[in-house]
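Thanks for coming, everyone. I'll take you through one model today, helix by helix and then core by core. Here it is.

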Amino acid sequence: MIELISALMVGLLLLVVLVVFALRQGSTARDIHASSEFPGDPRHSGEFEVCPPELVARIFSREDWALILQTHSPSLERLFLQERKRIALLWVRQTSSDIRQVMQNHTEAAKQAADIHFRTELSLFLMYIELLLMCGTLLLLITAVGPPRLQRIASYVQELSRQISYAHEPFARSSPGAATEIPTSP
Amino acid sequence: MLDEFIRWGGLPTEILLLVRGLQTKLASRYPAFYLYIFFVLSQSFLRLYVYQWKPSFYRYTYWSTEFVSILVGCGVVFEIFRVGLRAYPGASHMARNSLLLLFLLALVVALANAANDPRWWAEASVTEIQRTMRIVQALSLFALVLLFLHYSITFGRNLRGILFGYGLFVASSVIWLTFAYSGSGRFRNYWFYLYPMSYDISLLVWIVHLWGYRPNPQTKESAQFERQYERTAAATKRRLQEARSYLDKAIER
């Protein structure tokens, strides 16, 4: 029975990825058209802001929450949690978007590189999937329990996202285009 | 009547597809695909002949030509990989390794199953073997499409049609053969019509996408990539430097 279900799953999964592929092909064609229309648009240049770790620690800080609790004001507690939740959700969405951007830039470079490493690519891909799952989980947990209880998981996401950037560094450095264009350290 | 139409209705479409392929010289660009269509057309005539004049051989002819068509179909999968990733050596390298890994995995699973049940090879039905071969083909296509999605590979209209049509046919074959193998009569009756119909749908997809030659957008993208890559590499480096400075600050604290 399991064998039959898994065989059916293979057929259905192939159908699903084919439909996704067909839809993505249409949107990719539109993206290429848009990027050639607006060459200076920062959304197409791969530039984005990095969120500092201090800010992450602050968003999910328990100290601030402890301080608010000392006021014994339910309305202040509610207001604090509401505001923190909004900021935390914004941070997770921005981090998720940054991670996608980093990976998109990486795959753009990697797909044409002759000296690509299978294991590095595979580990980067797994790390990427793990990060996206973490971001999804964080979004759910922030909505459910609020930011002050999620400091550790947020730090983990931050650390993983940094690892992806560092794993991409040797690759970018070894590419001939990068060697000529990348500015030296200030 | 409907049964006969579904079963043999694909013949004129296959002939039209081949004629257009020769007229537009697409046959020389995608030889494996047109060889596959030519083979399917020939096997249909052969089956029709055997069905009419030597019905006792029909079953044998049907299954043996099915096996050969799966093998010829592997050429179509290889052509999708070869033409689609021609301009992308990195993605091509990843696809080669992924497919190799997949085949090794399939081989290990098959050997493990055979070791657990040594009588499998002798007792396996034709449907079962064919289903296994189609599953391997479906997994190869699945891995390739995932890779195309991950590396945002853009296809031209022609290659997109070949992939979509053939993928649709392989996926429906796996589903049909699974129902046929399970022996559930109700589903089997439906799929008896739906399976050839799914091939007719694939033929329509191919006719629409392969009516005329449309180049793959590779050369244009390659030129654009040269400009984008320098910007991307510089932006990535800048981000890493920023990340490092934030990390240094965090360590100092």
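A helix here is a DSSP run of H or I, at least four residues long, numbered from the N terminus. By that rule, Thr107(A) lies in helix H5 of chain A. Keep in mind that this is a predicted model.

Let's stay with Thr107(A). Is it buried or exposed? The cut-off for buried is 20 or more other C-beta atoms within 10 Å. Thr107(A) has 20 C-beta neighbours inside 10 Å, so it counts as buried. Which residues does it contact, leaving aside neighbours within four places in sequence? They are His150(B), Tyr151(B) and Ser152(B). Now look back along chain A. Phe60(A) is 47 residues away from Thr107(A) along the chain, and their C-alpha atoms are separated by 32 Å.

Now chain A overall. It has eight helices and zero strands. From the N terminus, the order reads α-α-α-α-α-α-α-α. Of its 186 residues, 28% are buried. Take the contacts in chain A between residues at least 6 apart in sequence: 80% of them join residues at least 24 apart.

Next, a loop. His72(A) sits between helix H4 (62–70) and helix H5 (74–110) of chain A. Its phi is near 55°, a positive value in a residue other than glycine. His72(A) counts as exposed, because it has 8 C-beta neighbours inside 10 Å.

Lys25(B) lies between helix H2 (10–23) and helix H3 (26–29) of chain B. Phi of Lys25(B) is near 65°, again positive and again not a glycine. With 9 other C-beta atoms within 10 Å, Lys25(B) is exposed.

On to helix H6 (residues 118–145) of chain A, where we find Phe118(A). Phe118(A) has 14 other C-beta atoms within 10 Å, so it is partly exposed. Not counting residues up to four places away in sequence, Phe118(A) touches Met94(B) and Asn97(B).

Now helix packing. Two packed helices are described by the angle between their axes and the distance between the axes. In chain B, take helix H5 (residues 58–84) and helix H8 (residues 126–150). Their angle is about 10°, and their axes are 11 Å apart. That makes H5(B) roughly parallel to H8(B). By class, their contact has 12 nonpolar, five polar and two charged residues. On the H5(B) side, the residues include Trp63(B), Phe67(B), Ile70(B) and Ile80(B). On the H8(B) side, they include Met133(B), Arg134(B), Leu141(B) and Phe148(B).

A check on H8(B) itself. At 1.5 Å a residue, its 25 residues should span 36 Å; the end C-alpha atoms are 36 Å apart, which agrees. Just after H8(B), Ser152(B) takes a positive phi of about 50°. Ser152(B) is also one of the contacts of Thr107(A).

Last, the cores. In soluble globular proteins, nonpolar side chains tend to be buried together. How many residues does the largest nonpolar core have here? The count is 59. Those with the most contacts inside it are Leu14(A), Ile80(B), Ala138(B), Ile162(B) and Val174(B). Helix H9 (residues 157–182) of chain B gives the largest share, 13 residues. Leu14(A) is in contact with Ala138(B), Leu141(B), Phe142(B), Gly167(B), Val170(B) and Ala171(B), leaving aside its neighbours within four places in sequence. A second, separate core has 16 residues, including Ile99(A), Leu131(A), Met134(A) and Leu138(A).

Conventions
Residues are numbered from 1 along each chain as its sequence is written. Chains are lettered from A and ligands numbered from 1 in the order in which they are written. This is a predicted model: local features need pLDDT of at least 70, side-chain atom pairs count only at pLDDT 80 or more; totals for chains, interfaces and linings use all residues. Helices (H or I, at least four residues) and strands (E, at least two) are DSSP runs, numbered from the N terminus. A residue is buried if 20 or more other C-beta atoms lie within 10 Å of its own, exposed if 12 or fewer, and partly exposed in between; C-beta atoms are placed from the backbone. Two residues are in contact if their C-beta atoms, placed from the backbone, lie within 7 Å. Axes are lines fitted to C-alpha atoms, for helices over the stretch in contact, and angles run from 0 to 180 degrees between N-to-C directions. Angles under 35 degrees count as roughly parallel, over 145 as roughly antiparallel, 65 to 115 as roughly perpendicular and the rest as oblique. Ala, Val, Leu, Ile, Met, Phe, Trp, Tyr, Cys and Pro count as nonpolar, Asp, Glu, Lys and Arg as charged, and the others, Gly among them, as polar. A nonpolar core is a set of buried Ala, Val, Leu, Ile, Met, Phe, Trp, Tyr and Cys residues joined through C-beta atoms within 7 Å. The expected span of a helix is 1.5 Å times one less than its number of residues.
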